[in-house]
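Please keep the viewer open as you go through them.

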Amino acid sequence: MQKKAIHVINKTVYNEHTHNYFSDMKILKLEDLYHLNIAKYMYRLHNGELSHSTVQLLMINSQRKHEYNTRNLRVAYSTHNKKISYIGQIIWRNTSELIRN
């Protein structure tokens with residue numbers, strides 16, 4: 001949907017690359033917005049700006065274990081990769097020290 005809007009605004013053909021148009025117009029792609037919000041969340045987490053209950057909920061969800069076997073299922077792995085507790089750690093590790101501090 002975002003790419004279609006960029007094509008309409010810039011009057012380009014439907015299959016033209018849009019990366020440079022996003023950059024020129026200073027518009028973040030949906031995935032970039034998602035990562036930015038997770039990075040903000042992780043910043044607040046590491047700087048003690050989140051409520052105690054929010055931190056506890058995040059910790060409980062990231063450490064929860066259950067009795068049924070999901071360790072070998074691809075579905076379990078693919079849903080785990082979408083959790084903030086997983087993605088947030090990756091984004092935080094890849095964030096520059098200048099931004100983290």
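1. Of the 101 residues in the protein chain, 17% are buried. Please bear in mind that this is a predicted model. The protein chain exposes about 8,700 Å², and carbon and sulfur atoms supply 56% of that area.

2. On secondary structure, the protein chain has seven helices and zero strands. Reading along the sequence gives the pattern α-α-α-α-α-α-α. As for how the chain comes together, take the contacts between residues at least 6 apart in sequence: 39% of them join residues at least 24 apart.

3. Which residues form the largest nonpolar core? There are five: Ile38, Met42, Ile87, Ile91 and Trp92. Helix H3 (30-46) and helix H6 (84-93) are the elements that give two or more residues to this core. H6 provides the largest share, with three residues.

4. Thr95 is found in the loop between H6 and helix H7 (97-100). Is Thr95 buried or exposed? Its relative accessibility is 15%, so Thr95 counts as buried.

5. Most residues other than glycine have a negative phi. Lys11, however, has a phi near 55°, a positive value, and Lys26 likewise has a positive phi near 55°. Lys11 lies in the loop between helix H1 (2-10) and helix H2 (19-24), while Lys26 is in the loop between H2 and H3. With 76% relative accessibility, against a cut-off of over 50%, Lys11 counts as exposed. Lys26 is exposed too, with a relative accessible area of 77%.

6. The loop between H1 and H2 also holds Thr18. Why does Thr18 count as buried? Its relative accessibility is 5%, and buried means under 20%. Leaving out residues up to four places away in sequence, Thr18 touches Lys3, Ile6 and His7.

7. Moving on to His19, you will find this residue in helix H2. His19 counts as partly exposed because its relative accessibility is 48%, and that class runs between the 20% and 50% limits. The His19 side chain makes a polar contact with the side chain of Lys29, at 3.3 Å. His19 and Ile6 are 13 residues apart along the chain, and their C-alpha atoms are separated by 9.7 Å.

8. Last, the surface. Which residues make the nonpolar surface patch of about 340 Å²? Leu28, Leu30, Leu33 and Leu36 do. Leu33 is at 34% relative accessibility, so it counts as partly exposed.

Definitions and conventions: Residues numbered from 1 in each chain as written. Predicted model: local features only at pLDDT ≥ 70, side-chain atom pairs only at ≥ 80, totals over all residues. Heavy atoms only, no water. Core = buried A, V, L, I, M, F, W, Y, C linked by side-chain atoms within 4.5 Å. Buried < 20%, exposed > 50% of the residue type's maximum accessible area, 1.4 Å probe, protein only. Helix = DSSP H or I, 4+ residues; strand = E, 2+ residues; numbered from the N terminus. Patch = residues over 30% accessible without salt bridge, like charges linked within 9 Å, V, L, I, M, F, W, Y side chains within 5 Å. Areas by Shrake-Rupley, 256 points an atom, 1.4 Å probe, with all protein chains shown as cover. Salt bridge = Lys/Arg side-chain N within 4 Å of Asp/Glu carboxyl O. Polar contact = N/O pair within 3.5 Å; in protein donor to acceptor, adjacent residues only side chain to side chain. Contact = heavy atoms within 4.5 Å.
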